[in-house]
Amino acid sequence: MTVALDPGRALAKRVEAGRTARYDAAGATIPAEVLRDVLLRTTGGPRMLFLRNAEVTGELDLEAGTVRFPVTFDHCVFTAVPNVEQARVSALYLTGCRLPGLRGSQLAVDTNLMLTDCTVSGKVSLTAAAVKGHFRVVGTRLVNREGVALNADGMAVDQNVKFAGGFVAAGRVSMVGARIGGQFDCSGATFDNPGRTALELSGLRVREQTFWCDDFRVRGTVSLRRAQLAGGLDCSGAVLSTGEGDALRAERLVVGSDVRFSGAVVEGRVDLTGCDVGGTLDLTGGRFVDPGRTALDLARAQVRQNLLCRSGFVAEGKVLLAGAEISGNLWCEGGRFDNSTAAALDAPGLIVHRDVRLADQPSASGTGRECFHAVGAVVLSGATVDGSLDCAGGRFGNAGAVSLLAVGMKVKRDMVLAEGFVADGTVDLGGTEVGGSLDCRGGRFTARDEALVADRVQIGHSGEFDRIHAEGPVRMRGMTVTGNLSFADSVITAGGRSLTIKGTEIRGRLRLGFASRINSVDLRYVTVAQLDDRNTVWPVEVRLEEFDYKALYEDPNLPERLACLRRNHLFAPQVYLQLARVYESAGKYDFAKRVLIAGEDARWRSTAGVRRVRDRVIGFLLKCTVGYGYRPLRVLYWIAALLLVGTAVFAWLGEAGFRQVKVDGELVFHPLLYTLDLLLPVVSLKQRDFWIAEGWALTFSTVFTVLGWVLAICLVTGLGKAFKREL
């Protein structure tokens, strides 16, 4: 009769047999002391121990012991927390097991440590453990909701670490200062510790890739502070949420390659302050939600390649890029930045070594275009862009406040606010330096208080504002434009001072070609090489004092140009002299004289008070007689006319209207010579001496004498002004 051995003795006999020891306990219990003796006191030992369906009662205490062969526990139940602290194990595999916890501080594993499809209802402690192979926790549930589910602080794994296959941790998982020699894969894993830190990885070091994708989920905070990931970090499709506060804390995180959040959903703040990304930071398709606060913090971040927030990217809350540096491009075509309470994209001091695109792009369906959309201010003050800033097709909200604030920005190539660009609030470019062109052709600026402010802007090439539509004032004081400044077919509907270009220096052409009459334009102290006002509709009011231009592109309707000069806010002789000087330099002397005469008209009209009537009379006489001295020969027409009239009058009166002075010889009355003698007050033809007028002749001779003096005085005055002007 064969006597059945108890499970403990049967297991020991299998182990003593050597080679691979497989034992199925069929649900029987094995005392922990017996199992400990089998694992630690076996002299020869098998190549491997495989224990299945056993219930280990009591504490399995292997502390500081050495197990020289790999051990697999398959579907075993441990009634007490196993203790493997400071133990040395060849390999340890737990598959489908149930444990109340695991004590494994400073555990040393020569190859692999794996927990597959296990359920652990208490804390797993692997602090300072060393695994020379892989550490895999696949399909396992670690449950310790009120405390730490897994503590692996300081753990060192030479190869890969994997939490996958439906892995769930209910409680905190901590791997502070852990070192991973291969990949760190948490794809499909769930870390659940709402309202607290769910995954603590501060100081973590990973030599290869880190995968947090394929439905990686965290409820609670993830901490990657000062972590160093030599490969990339892939969070594509991840879902991170926290009840309140930070979803991801990654200050001064260092990643050697790309970081991807494509399709990720993050509820709570993502703090990447001072991080260093060795490749591209791709946030395209990601959703970052922290309304009214900072959803994505990249202040002082370093991105060695591109930062992408393209179509599908949504940020509900501020995106902060203050002091960040991007070695490649910042592309946000089709991205949405929503923070109506403050800045949506806050990037003062940002440095981008290539291009910035806050523009539109073709939709994925190919049926239209998806535009950059900011609800809230976009702040780029003090930023530096070594390439171009392209905002064509972008929609900048924040009505009633500032939509785009780029004070003191430096763009080494072009700044484009062109076709499709819409700003509901003020666009402030004060002090910006643009190395290429400032292209606003077709842009819409709808703020009614101040649509566009470009004071002290420096443009290395041209400023192009053709076809812009501005519903508020456009102000460009103190600009410097190396090339041309153009307003062809532009529309500015603002009342008050519609367009102000005061104090601007334009080294090329100034094109003024408004599509409709604007209220006013201020060109005071503007210097321009060439003025081009073809086909323009001049404003209701203009300010032209000290407006200096060297040439005109071509000659439009002179009366319209003179009408424009008359609309100047106050009379300023310089505006007429300037235009006349340009005409004279072009050889158009008649045009120059007409302008100067119009200037004198304006001067006499500008007098006020008691002098008003006198000055207007004098001005009228000077204009009619000598054209203010600019047409002195006009007095000859007056003399000729008066000579004809006087000759006719005195011929009609005849000698009967005069008393002849007795002289030797016979005198003959000559009406022509008598009239001429009256009209020439300085020259005497002796006619007045021989014929003394009486009656009506006296009246007419007095009138002609006075008119002669008036003409003489006007001639002298006009010639004096002409000589003074020449000097």
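A salt bridge is taken here as a side-chain nitrogen of Lys or Arg within 4 Å of a carboxyl oxygen of Asp or Glu. I worked on a predicted model, in which local features need pLDDT of at least 70 and side-chain atom pairs count only at pLDDT 80 or more, while totals for chains, interfaces and linings use all residues. Residues are numbered from 1 along each chain as its sequence is written, and side-chain values use heavy atoms, with hydrogens and water left out.

**Entry 1. Salt bridges around Arg475**

I searched the whole structure and found 39 salt bridges. I then looked up Glu450, which forms a salt bridge with Arg475, the closest N and O atoms being 2.6 Å apart. Glu450 sits in the loop between β58 and β59 and Arg475 in strand β63, so that distant parts of the chain, 25 residues apart, are linked by this pair. I use strand for a DSSP run of E of at least two residues and helix for a run of H or I of at least four, both numbered from the N terminus.

For accessibility I call a residue buried under 20% relative accessible area, exposed over 50% and partly exposed in between, with a 1.4 Å probe and protein chains only. Glu450 has a relative accessible area of 28% and is therefore partly exposed. Arg475, at 23%, also counts as partly exposed.

Arg475 also meets the side chain of Asp455 in a salt bridge, at 2.9 Å from N to O. Asp455 lies in the loop between β59 and β60 and Arg475 in strand β63, so this pair ties together parts that are 20 residues apart in sequence.

Is Asp455 buried or exposed? Asp455 is buried, because its relative accessible area is 5%. I checked its polar contacts, meaning pairs of N or O atoms within 3.5 Å; within protein, one must be able to donate a hydrogen and the other to accept it, and residues adjacent in sequence count only if both atoms are side-chain atoms. The backbone nitrogen of Arg477 lies 2.9 Å from a polar atom of the Asp455 side chain. For contacts in general I required heavy atoms within 4.5 Å. Neighbours within four places in sequence aside, Asp455 is in contact with Leu429, Gly430, Gly431, Arg475, Met476 and Arg477.

Arg448 forms a salt bridge with Glu471, with the closest N and O atoms 3.5 Å apart. Arg448 lies in the loop between β58 (444-445) and β59, and Glu471 in the loop between β62 (469-470) and β63 (474-475), so the pair ties together parts 23 residues apart in sequence. Arg448 is exposed, with a relative accessible area of 61%, whereas Glu471 is buried, with 19%. Elsewhere I noted a network of salt bridges that links Asp246, Arg249, Arg269, Asp271 and Asp297.

**Entry 2. Strand β39**

I followed Asp297 to strand pairing, for which DSSP must find at least two bridges between two strands. The bridge partner of Asp297 in β39 is Leu320. Strand β36 (residues 287-297) and β39 run parallel and are joined by six bridges. β39 also pairs in the parallel sense with strand β42 (residues 336-346), over five bridges. There, Ala315 has Phe337 in β42 as its bridge partner. Strand β39 (residues 314-320) is mostly covered, with five of its seven residues buried.

I defined a nonpolar core as a set of buried Ala, Val, Leu, Ile, Met, Phe, Trp, Tyr and Cys residues joined through side-chain atoms within 4.5 Å. Which members touch the most others in the largest core? Among its 190 residues, they are Phe73, Phe163, Phe184, Phe191 and Trp212. Helix α4 gives the most to this core, with six residues. Apart from it lies another core of nine residues, including Phe650, Tyr674, Leu678 and Ala697.

The 13 residues of α4 (residues 573-585) should span 18 Å, and the end C-alpha atoms are 18 Å apart, which agrees. Buried residues in α4 are Gln574, Val575, Tyr576, Gln578, Leu579, Ala580, Val582 and Tyr583. After α4 comes Gly587, whose phi is positive, near 85 degrees.

Terms used. The expected span of a helix is 1.5 Å times one less than its number of residues.
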